[in-house]
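Have a look at the sequence and the structure below. We will then go through some of the terms used for it and ask what stands behind each one.

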Amino acid sequence: MTTSPSNSAASLDGDFDVLGSMQFASFPLSIGGDFISLAGGGWGTPTVTYTATATGHSVLPIGSNVAIVFNGVGGGWTFSSAATGLSSLTITNGTLTTSAIAITVLGDLVVGGTLSGSVAGTISVYAHVSVFG
């Protein structure tokens, strides 16, 4: 499933909101705006790619065993709560800003864009860390 890249965090364009229960298989998701889930759901092992081209987007962690990719030129995202058990985390383009939360990556952390944020938070990586650019 793919939503259009958002060029404004104030708009709803590209947002993916789950208000009920939803089951996900291992297929990829490409989300152009915010991801909001107010209910439970089952996750396979998908790759979720965020493609917004504006800053100010929120990412609600979606469960463990999920690979997350941030790849929107000029895009900016913040996790709204702890993100634990991610299979991998890749920042190809754009900026991921962390706050005083925990991020746990069971696989690789690859940073080609910008990773910034609070020193009060922790990022634990159980495989490789690669930084490009």
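**Asking what the terms rest on**

Q: Which residues is Ile 103 in contact with, leaving aside its neighbours within four places in sequence?
A: This is a predicted model. In it, Ile 103 is in contact with Phe 79, Ala 83, Leu 86, Leu 89, Thr 98, Thr 122, Ile 123 and Ser 124. A contact here means heavy atoms within 4.5 Å.

Q: What makes Ile 103 stand out in the largest nonpolar core?
A: This core has 19 residues, and Ile 103 is among those that touch the most other members, together with Ile 68, Phe 70, Phe 79 and Leu 89. Two or more residues each come from β6, β8, β9, β10, β11 and β12. The largest share, four residues, is given by β8.

Q: Why is Phe 70 called buried?
A: The cut-off for buried is under 20% relative accessible area. Phe 70 has a value of 0%, so the word buried applies to Phe 70.

Q: How do you know whether Tyr 50 and Phe 79 are buried or exposed?
A: Set their values against that cut-off of under 20%. Tyr 50 is at 0% relative accessibility, so Tyr 50 counts as buried. Phe 79 has 3%, so Phe 79 is buried too.

Q: Why is Ala 127 described as partly exposed?
A: Partly exposed lies between the limits for buried, under 20%, and exposed, over 50%. Ala 127 has a relative accessible area of 37%, so Ala 127 falls in between. You can find Ala 127 in the loop between β14 and β15. Not counting residues up to four places away in sequence, Ala 127 touches Leu 106, Gly 107 and Asp 108. Ala 127 and Ser 88 are 39 residues apart in sequence, with 9.1 Å from C-alpha to C-alpha.

Q: How many aromatic pairs does the structure hold, and what describes such a pair?
A: There are three aromatic pairs. A pair of aromatic rings is described by how far apart the centres are and by the angle of the planes.

Q: Why is the pair of Tyr 50 and Phe 70 called stacked?
A: Rings pair if their centres lie within 6.5 Å, and planes under 30 degrees apart count as stacked. For Tyr 50 and Phe 70, the centres are 5.2 Å apart and the planes are at 20 degrees, so the pair is stacked. Tyr 50 sits in strand β6 and Phe 70 in strand β8, 20 residues apart, and the pair links distant parts of the chain.

Q: What makes Phe 70 and Phe 79 an edge-to-face pair?
A: Here the angle to look for is over 60 degrees. The ring centres of Phe 70 and Phe 79 are 6.1 Å apart and their planes are at 75 degrees, so this pair is edge-to-face. Ring pairs also link Tyr 50, Phe 70, Trp 77 and Phe 79 into a cluster.

Q: Why are β9 and β14 said to stand at the edges of their sheet?
A: Three strands form an open sheet in the order β9-β11-β14, with parallel pairing. Each of β9 and β14 has a single partner strand, so one side of each is left without a neighbour in the sheet. On average, neighbouring strands of this sheet are turned by 5 degrees against each other, direction ignored.

Technical notes: Residues are numbered from 1 along each chain as its sequence is written. This is a predicted model: local features need pLDDT of at least 70, side-chain atom pairs count only at pLDDT 80 or more; totals for chains, interfaces and linings use all residues. Side-chain values use heavy atoms; hydrogens and water are left out. A nonpolar core is a set of buried Ala, Val, Leu, Ile, Met, Phe, Trp, Tyr and Cys residues joined through side-chain atoms within 4.5 Å. Buried means under 20% relative accessible area, exposed over 50%, partly exposed in between (1.4 Å probe, protein chains only). Rings of Phe, Tyr and Trp (its six-membered ring) pair if their centres lie within 6.5 Å; planes under 30 degrees apart count as stacked, over 60 as edge-to-face and the rest as tilted. Two strands pair if DSSP finds at least two bridges between them. Axes are lines fitted to C-alpha atoms, for helices over the stretch in contact, and angles run from 0 to 180 degrees between N-to-C directions.
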